[in-house]
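Please look through the following note before working with the coordinates. The points are brief and may be read in any order.

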Amino acid sequence: MNLQEYQAKTLLATAGIAIPRGRVAHSAEEAAAVAREIGGPIVVKAQILAGARGKAGGVKLVDTPEQAAAAAAGMIGRHLITTQSGPKGDPVEAVLVEEQVKIAREMFLAFTIDRSQGCEAVISSAAGGMEVEEIAARDPRAILHVSITPASGIWPFQARSLSTGLGLSGRAASAYHDAVRRLLTLFRELDCSLLEINPLAVTADERIVALDAKIGLDDHAAYRQRLLADTARRDITDPVEREADHIGVSYVHLDGNIGCVVNGAGLAMSTVDILAHLGGRAANFLDVGGGADSAKVASSLRLILQDPAVRTIFVNIFGGILRCDVFARGFIQGVKAAGANLPMVMRLVGTNQEEGRRVLAESGLPFIVEDDLEAAARRAVAIAAGGN
């Protein structure tokens with residue numbers, strides 16, 4: 001679950017982090033009114049959850065309220081296509097209107113979970129702003145990394161190590177240390193999976209200001225962050241993805257024609273990869289999870305069938321916690337309820353696989369069952385391309 005920039009910045013402000021003056025606007029008239037309140041140069045930013053907005057025209061620098069209104073009118077009600085939004089883009093329902101901050105330099109600062117170390121991590125870089133990912137790929141030494149033990153939090157020497165690596169000193173270094181401590185506390189209090197500030201600006205008077213913010217909440221902690229979780233859910237713009245969230249499965253719409261049903265995010269990614277490797281394209285990323293019951297499996301199939309581009313369905317179940325027979329019964333239930341008549345390639349391996357395959361065979365439905373992953377994927381790709 002991700003929050004919009006303006007929502008994330010509100011949380012930052014409550015934690016004592018400096019942000020630009022401004023607020024969200026849902027119309028051109030409201031954007032002009034906010035610009036008048038602020039006075040001076042303004043930045044108008046489309047509020048979508050995908051990044052890379054600047055290059056896509058989703059960030060405009062203007063000088064007057066009239067220009068702010070024009071910029072907002074050019075964004076609100078339209079889809080913004082970025083390198084991270086997918087080909088259809090994300091609908092813009094609001095813009096953030098803020099003052100332009102006089103920037104001396106830009107940095108990158110993020111907090112996340114380092115699963116390999118089993119702890120929190122702070123990542124920072126002097127290469128802030130756009131294309132930080134590309135910079136990190138070209139020069140990994142440009143990225144500073146500090147592991148945080150849960151019991152101790154960040155030690156002063158770790159904060160100093162980061163600020164020294166960034167080339168900060170004096171008042172700016174002190175402000176950076178304070179920001180890191182406050183943001184780590186916020187990261188923990190909100191059960192975040194990611195808290196990213198990019199760019200984190202150093203101003204001419206050596207203040208630290210968050211110019212952009214991205215907050216991702218841990219789905220498994222939604223019951224502890226109900227207000228924020230509900231806020232994040234309201235901002236899911238794709239109706240199918242919203243329904244998937246309601247069902248409790250992970251669904252992302254893609255641009256292919258092979259509908260995928262898998263259990264496990266890693267398996268979903270490898271399934272998308274092998275289809276692409278064999279010349280096919282996945283229509284979706286759908287992870288029903290390890291503990292799905294028959295009803296959830298059936299509902300998941302309904303999500304896929306809403307996509308008119310789907311030509312075949314590829315089921316790749318590697319059953320551990322999710323038993324193959326439970327999946328098979330749920331899937332058959334879904335197929336019959338939806339009246340689905342698309343070709344369906346099934347690969348079921350794992351707990352109770354023999355029982356699962358028996359259930360499929362006795363269903364009377366024309367499933368194509370394969371034991372080998374590559375063989376199954378190759379069959380799905382061929383069918384989607386018009387073969388068999």
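1. The model is predicted. The comments here should be read with that in mind.

2. Strand S2 spans residues 42-46, and five of its five residues are buried, so the strand is largely enclosed by the rest of the structure.

3. In a regular strand the side chains alternate between the two faces of the sheet. In S2, Ile-42, Val-44 and Ala-46 point one way, while Val-43 and Lys-45 point the other way. Both sets are buried, and this includes Lys-45.

4. Which strands pair with S2? One is S3 (residues 59-62), which runs antiparallel to S2 and is joined to it by four bridges. Another is S6 (residues 95-99), also antiparallel to S2, with five bridges between them.

5. Val-44 has a bridge partner in each of these strands: Lys-60 in S3 and Val-97 in S6.

6. Helix H12 covers residues 353-361, and its buried residues are Gln-353, Gly-356, Val-359 and Leu-360. These span an arc of only 120° around the axis, which means that they lie on the same side of H12. An α-helix has 3.6 residues a turn, so residues three or four places apart point the same way.

Definitions and conventions: Residues numbered from 1 in each chain as written. Predicted model: local features only at pLDDT ≥ 70, side-chain atom pairs only at ≥ 80, totals over all residues. Heavy atoms only, no water. Buried < 20%, exposed > 50% of the residue type's maximum accessible area, 1.4 Å probe, protein only. Helix = DSSP H or I, 4+ residues; strand = E, 2+ residues; numbered from the N terminus. Pairing = 2+ DSSP bridges. Arc of directions from axis to C-beta.
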